[in-house]
Amino acid sequence: MLVGFGGIIASSSGAALLADATDATRRATRFGQQIALGTTAAFLSSAIAGALAAPVASLLGARPEDAPVLRALVASGGIIAALSIVPILAIRAVPVAQHTLEAPTRNDLVRRFLAIEVLFGFGAGSFLPFVNLFFADRYGVPFSALGLLLGVLAVAGSIGALLHGRFVASRLGAIPSIVLVETLSLPFALVAGFTGALPVAVGALAVRHFLMFGASGTVNAFQLSSFTPAERAGANAFFALAWSAANAVGAVLSGAIRARLGPDGFTVNLVTLVIAYGLAALLTWRLFATHEPSGDVGARTLAVPDSRG
C-alpha cells in the first residue's frame, strides 16, 4: 500500500516533468525510452533475484521458496529503490506556465481518458499482477527459473517501447498506431490463455508485452500533450488512481475465479483481459480519432502526427 501510494506521487510528477522537459515532437520517443529503461531494469532485477534465491537460501539455512528468503530479496529491492533519491536530487525544476485549458474542454478530456484507463486497469488487474503465479501454478516453473521468464517478458516490452514511438507512431499517427498494436496484442493473450505448452505461453506473452509496452510510451505522450504543463501532474495522478482502483477490482475478481477453478482460472483471467483491452482499444478510436493534443501552449507541432477526420 505504501509503495503504491508513493509510486503514484512519483510517477505522476515524474511523467509531467519528462513531458515538460521534452520537445513535443520527441515526446513519444522519450516516453518509450523511459519505459524501456524501466522494463530493462525489471529484467535485470528478476534475473538477479532468481539467481540469488539459492545462495541467499543457503546463507539463511532455508529453502529458496521460504518466507525469510523472499523477505531478504524484497528488502534488497527496497534498498535499491531508496537509492533512487540520489539522482532525483540532481533534477532541476522546469519552469511551468500557469495557463490552463478551458474548464469544459479539460473536463471532457478527463472523462474520455478516464473511461479508457478504467478498462485498461480492470483488464490488467485480471491477470498481470499474477504472471509469476501463472507460470508457477500452471507449468510448475521453479522459483529459480521464474525470474528468467519474467525477464524475457520485460526485455520484449523494452524493445517494443523503443521501437513504437520512433518507427510506428511517427508514420501512422498516435491513435492509429496505438489502436493497431493494442488490437494485434489480443490474439497472443488468447494463445497464452489456452495453450498447454510453456514455450508457446512464454512466446505469446512476450509478443503481447512487445506490442502493449510499445504503445504505452505513445499513450503517455498523447495524454500529457493534451493538457497544459500546469495540469499534467494532476491529470496523470487522477488517471493513475482510476487505473489502480480498476486494477484492484480486476485482481480481486481474478483471485476469486482462480480460487474456484484452480490453474484453469488463468484462462478465464486472460479472456477477461482480452475483452477489456478490446473494448478500450475500440473506445480509444471512437473518442480520440479526431483529437489533436493542444496542451503545449504556443507550440504548433504534435507529440506525434495524429489522424484527422
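Helix α5 has 23 residues and spans 32 Å from its first C-alpha to its last. That is close to the 33 Å expected at 1.5 Å a residue. The model is predicted. In it, α5 gives the largest share of the lining of the largest cavity.

**Helix α5**
- Buried residues of α5 include Leu109, Val110, Arg112, Phe113, Ile116, Glu117 and Phe120.
- Towards the end of the list come Gly121, Gly123, Ala124 and Gly125, which are buried too.
- The cover over the buried residues of α5 includes α8, α9, α10 (229-261) and α11.
- An α-helix has 3.6 residues a turn, so residues three or four places apart point the same way.

**The cavity**
- One cavity of 30 Å³ or more turns up in a search of the whole structure.
- The volume of the largest cavity is about 110 Å³.
- Its lining consists of Phe113, Ile116, Glu117, Phe120, Ile175, Ile178, Glu182, Val219, Phe222, Gln223, Thr284 and Phe288.
- Two or more lining residues come from each of α5 (103-125), α8 (174-194), α9 (198-225) and α11 (265-288).
- Helix α5 supplies four residues to this lining.
- Eight residues of the lining are nonpolar, two are polar and two are charged.
- Phe113, Ile116, Glu117 and Phe120 line the largest cavity and are buried in α5.

**The second largest pocket**
- The second largest pocket holds about 410 Å³ of space.
- Val3, Gly4, Gly7, Ile8, Ala10 and Ser11 line the second largest pocket.
- By class, three of these residues are nonpolar and three are polar, with no charged residues.

How values were computed: Residues are numbered from 1 along each chain as its sequence is written. This is a predicted model: local features need pLDDT of at least 70, side-chain atom pairs count only at pLDDT 80 or more; totals for chains, interfaces and linings use all residues. Side-chain values use heavy atoms; hydrogens and water are left out. On a 1 Å grid over the protein atoms alone, a cavity is a set of points where a 1.4 Å probe fits but cannot get out, and a pocket is an open set with protein on both sides within 12 Å along at least five of seven lines; lining residues have an atom within 4 Å of a point. Grid points are joined across faces, edges and corners, and a volume is the space filled by probe spheres set on the points. Ala, Val, Leu, Ile, Met, Phe, Trp, Tyr, Cys and Pro count as nonpolar, Asp, Glu, Lys and Arg as charged, and the others, Gly among them, as polar. The expected span of a helix is 1.5 Å times one less than its number of residues. Buried means under 20% relative accessible area, exposed over 50%, partly exposed in between (1.4 Å probe, protein chains only). Contact means heavy atoms within 4.5 Å.
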